[in-house]
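I opened this model to look up its salt bridges and then its nonpolar cores. My notes follow in the order in which I looked.

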Amino acid sequence: MAALGWANPLDHPLAVAAGGVGLVVLVRGVGWALPLAIVPAVALSVAGAALLARGGAAGRRSRTQRLHAQRLDAGLEEALDRASGLAVTAMALREEAVVRFTDPGHLEALGSVQLCCERLQQLPERLQERRPLLESGGGRRLDPDDLARRLAREEKSLQREAEGPLRQERRRLVDQLRRNLHAARQGMDEREARLLALATRLEAIDGGLQQLRRQVDHQWPSTEASDAAMATAIEPLDEALDQIERSLDAGTA
């Protein structure tokens, strides 16, 4: 059993009262001499103060944990609401693109926009499916030492990796580990880091959608429109969606 530790009885009136009652019982009820009864009475006060202090600390920790959990619950609801709003925006943009992209030369660009917007429309449902994951990890602190070791290994592997899809995947992993290491050094638990990563990616999607809309409004239906310009506008959206999918599948931040 863990030691109770020291606490000043004078800081806890109940502990002082308990010691006083004990002193009266020992002197009047048991018949002990006053000098002899003082020692156990003081010990009773000290023990009572330690118990009260321990209970108070536990209560404060419990309240702090509840407030932390409530804050993360609110953050999750905010992220889900934002994903729903982005899905609505994507649906409207998809419909606008169908109206604007009438030239046969725009079919490839139209298909890219439709595919991206369809992925965005599916995002709220995907997040709801993985809600148990997004609600888990509270209180489990990220280990900065372990993350630092993993990051060092992956950075060395990235330096040796030749250009290509595998190097791109490893670069994404390195970026993710850097974000997680930063979160761990901030004292975040797994759930908090996961929600922060999700919020960051939703912010990127919001900005990407605005940029994509500007491209649609500015270039189409224009004879100067290019598929390359549209692909460039869609790329950050696809990247953010890919990151969310990987994190949801892997159960990581």
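Entry 1: I began with Glu96 and Arg100, whose side chains meet in a salt bridge with N to O at 3.0 Å. A salt bridge here is a side-chain nitrogen of Lys or Arg within 4 Å of a carboxyl oxygen of Asp or Glu. This is a predicted model, in which local features need pLDDT of at least 70 and side-chain atom pairs count only at pLDDT 80 or more, while totals for chains, interfaces and linings use all residues. Residues are numbered from 1 along each chain as its sequence is written, and side-chain values use heavy atoms, with hydrogens and water left out.

I checked where the two residues sit. Both belong to helix α2, residues 34-100, and they are four residues apart, about one turn of the helix. Helices (H or I, at least four residues) are DSSP runs, numbered from the N terminus.

I then looked up accessibility. Buried means under 20% relative accessible area, exposed over 50%, and partly exposed in between, with a 1.4 Å probe and protein chains only. Glu96 counts as buried because its relative accessibility is 18%. Arg100 has 25%, so Arg100 is partly exposed.

**Entry 2: the other salt bridges.** How many salt bridges does a search of the whole structure find? The search finds 18. Glu96 and Arg100 are also linked with Arg213 and Asp217 in a network of salt bridges.

I noted two further pairs. Glu135 and Arg131 meet through their side chains at 2.8 Å, N to O; Glu135 is partly exposed at 39%. Arg246 pairs with Glu239, and their closest N and O atoms are 3.9 Å apart. Arg246 has a relative accessible area of 27% and Glu239 has 24%, so Arg246 is partly exposed and Glu239 is too.

**Entry 3: the nonpolar cores.** A nonpolar core is a set of buried Ala, Val, Leu, Ile, Met, Phe, Trp, Tyr and Cys residues joined through side-chain atoms within 4.5 Å. Which residues have the most contacts inside the largest core? They are Leu127, Leu202 and Ile205, in a core of 35 residues. Helices α2, α3 (107-129), α4 (131-134), α7 (190-219) and α8 (227-250) each supply at least two residues of this core. The most come from α2, which gives nine.

Leaving aside residues up to four places away in sequence, Ile205 touches Leu86, Leu120, Leu123, Leu237, Ala240, Leu241 and Ile244; contact means heavy atoms within 4.5 Å. A second, separate core has 11 residues, including Leu142, Val174, Ala184 and Met188.
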